[in-house]
Structure formats: structure tokens, C-alpha cells
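Please read it alongside the sequence and the coordinates.

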Amino acid sequence: MQKKILLVEDEKNIARFIELELRHEQFEVIVSHDGREGLNLALEQPFDCLLLDVMLPGLNGIEICRRIRAQSNVPILLITARDAVMDRVAGLDAGADDYIVKPFAIEELLARIRSILRRVSTKVEAEANNLIKVRDIIINQQSYEVIFENKKLDLTKTEYDLLKLLCENKNRVCERDMILQSVWGYTTEVETNVVDVYIRHLRAKLKTELEPYIETVRGVGYVVRE
Ligand code: CA
């Protein structure tokens with residue numbers, strides 16, 4: 001199905017250029033040159049992705065982003081000026097999914113859009129199939145399978161339970177007592193380093209070039225960050 005994109009950009013030459021490129025890639029494109037009009041369009045019609053320039057007449061892109069986020073999860077890509085670091089931070093704080101800095105190569109813009117759309121579709125798929133997904137980890141709660149970086153990961157039952165617990169609570173710290181109780185069924189405080197041992201096993205299996213999956217919160221427990 002054709003994806004529909006809203007482009008809000010006041011520089012007409014740039015807007016026209018992006019519009020043509022997007023159409024060429026088979027996207028349906030609606031263009032607005034004004035912030036307020038863009039916001040109204042975004043709230044009136046369903047879009048698959050919004051491309052918002054930050055510096056706009058009427059209402060700036062960050063403000064548009066903030067107002068849209070109050071009522072919608074539509075993917076938002078901000079277009080910021082070079083050197084405007086504050087804009088990028090403010091934009092992400094306002095709920096933008098990503099940003100691209102002017103001047104950019106059109107291929108990069110297209111890649112960002114595809115990546116955002118892909119993320120949304122895997123998320124929808126995950127919700128539909130009762131999957132838990134954290135970055136490159138996908139846990140299938142029906143088949144007890146774990147896919148890591150597109151490959152099946154061999155885990156013992158206990159490792160699976162521990163990883164599932166951490167991923168279900170992603171971005172929240174799981175306290176050691178809570179882990180012991182949920183995974184091992186200990187109801188009283190016991191002196192054991194079994195949690196740390198199993199965390200070590202999981203870390204060895206979840207090797208990544210990027211940020212490690214499991215973070216230690218000293219004296220408290222562990223957290224998996226998205
Ligand atoms: Ca502008």
C-alpha cells in the first residue's frame with residue numbers, strides 16, 4: 001500500500017525537490033509551507049510519516065511535534081538547520097523519532113524515512129503476535145523462541161525467564177529480590193549470587209557492538225534499556 005507523507009517546509013524549492021523525490025519513490029505526498037496549516041493537516045488526516053522543518057512561519061516544527069505527540073504516535077522526522085544542536089535536543093524531547101540536518105543528501109533522507117517506517121511496522125507486528133521486542137531482541141512468548149540479531153538464540157529455561165522479565169520491564173530497573181522471586185521463586189531474602197551468574201550468561205550470549213543490553217544498577221539490580 002502506498003505510504004502517505006506530510007512534508008512541512010517553507011523553502012519552496014527544497015519542498016518541491018523533496019516532494020518529487022518522494023513521489024518518485026512511490027510515496028503519496030502532501031506539502032504545506034506553513035507551520036499552522038501543517039499542524040492542522042497532520043491532525044485532520046492520517047499519515048504514515050511527518051517530515052517537519054524546524055524553522056517555519058506560523059508555528060515551528062518542534063512546537064508542531066509537541067502538539068501532535070499529545071494525541072498521536074505518528075512517526076516524525078525533523079529537518080534541522082546545521083549547527084542547531086539545541087533544536088535537535090528539543091526536537092527529540094518533543095517526541096520526534098529522528099532528525100536530519102540540512103543540507104542532506106536525498107538518499108539519506110529516504111533511508112531515514114524507510115528506517116522509521118520499518119520500525120513502526122515491526123512494532124505493529126510485534127504487538128499483533130504477542131512478541132516482546134527490545135532493539136535486536138525479539139521474544140516470542142508463544143513459542144518461547146528468542147531471536148537475537150536475526151538469529152535464533154539458544155537459551156536455557158532460566159535464562160529465558162530472566163531475559164523475558166528484564167525485557168518486559170525494559171527501561172525499568174528490576175531489583176534483585178524481585179528477580180529472585182519472579183525467576184527462581186524465592187520468597188524470602190536469600191544470600192545468593194545466582195542472579196549475577198545468570199546475568200553473566202545472558203551478557204555473553206547478547207554480545208553487541210553497540211550499548212550492552214543489560215546494565216548493572218549498583219546495589220539495586222539490573223535494567224535492559226531500549
Ligand atoms: Ca525553514
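**Notes on domains and sheet architecture**

1. In this predicted model, the centres of domain 1 and domain 2, taken over C-alpha atoms, are separated by 36 Å. Domain 1 spans residues 4-125 of the protein chain, and domain 2 covers 130-224.

2. Five strands form an open sheet in the order β2-β1-β3-β4-β5, paired in parallel.

3. Strand β1 (residues 4-8) pairs with β2 in the parallel sense through five bridges. Within this pairing, K4 has E28 of β2 as its bridge partner, and L6 has I30 of β2. Towards β3, β1 is joined by four bridges, again in parallel; here I5 stands opposite C49.

4. Is β1 buried or exposed? Five of its five residues are buried. In regular strands, side chains alternate between the two faces of the sheet. Both faces of β1 are covered, with K4, L6 and V8 buried on one side and I5 and L7 buried on the other.

5. Helix α1 (residues 12-24) lies across β1, β2, β3 (49-53) and β4 (76-80), and runs at about 170° to β2. Together, β1, α1 and β2 make a right-handed β-α-β unit. Helix α2 (residues 35-44) lies across β1, β2 and β3, at about 160° to β1.

How values were computed:
Residues numbered from 1 in each chain as written. Predicted model: local features only at pLDDT ≥ 70, side-chain atom pairs only at ≥ 80, totals over all residues. Heavy atoms only, no water. Pairing = 2+ DSSP bridges. Helix = DSSP H or I, 4+ residues; strand = E, 2+ residues; numbered from the N terminus. Contact = heavy atoms within 4.5 Å. Axes fitted to C-alpha atoms, helices over the stretch in contact; angles between N-to-C directions. Domains from an automatic or database assignment. Buried < 20%, exposed > 50% of the residue type's maximum accessible area, 1.4 Å probe, protein only. Right-handed = clockwise from strand over helix to strand, strands pointing away.
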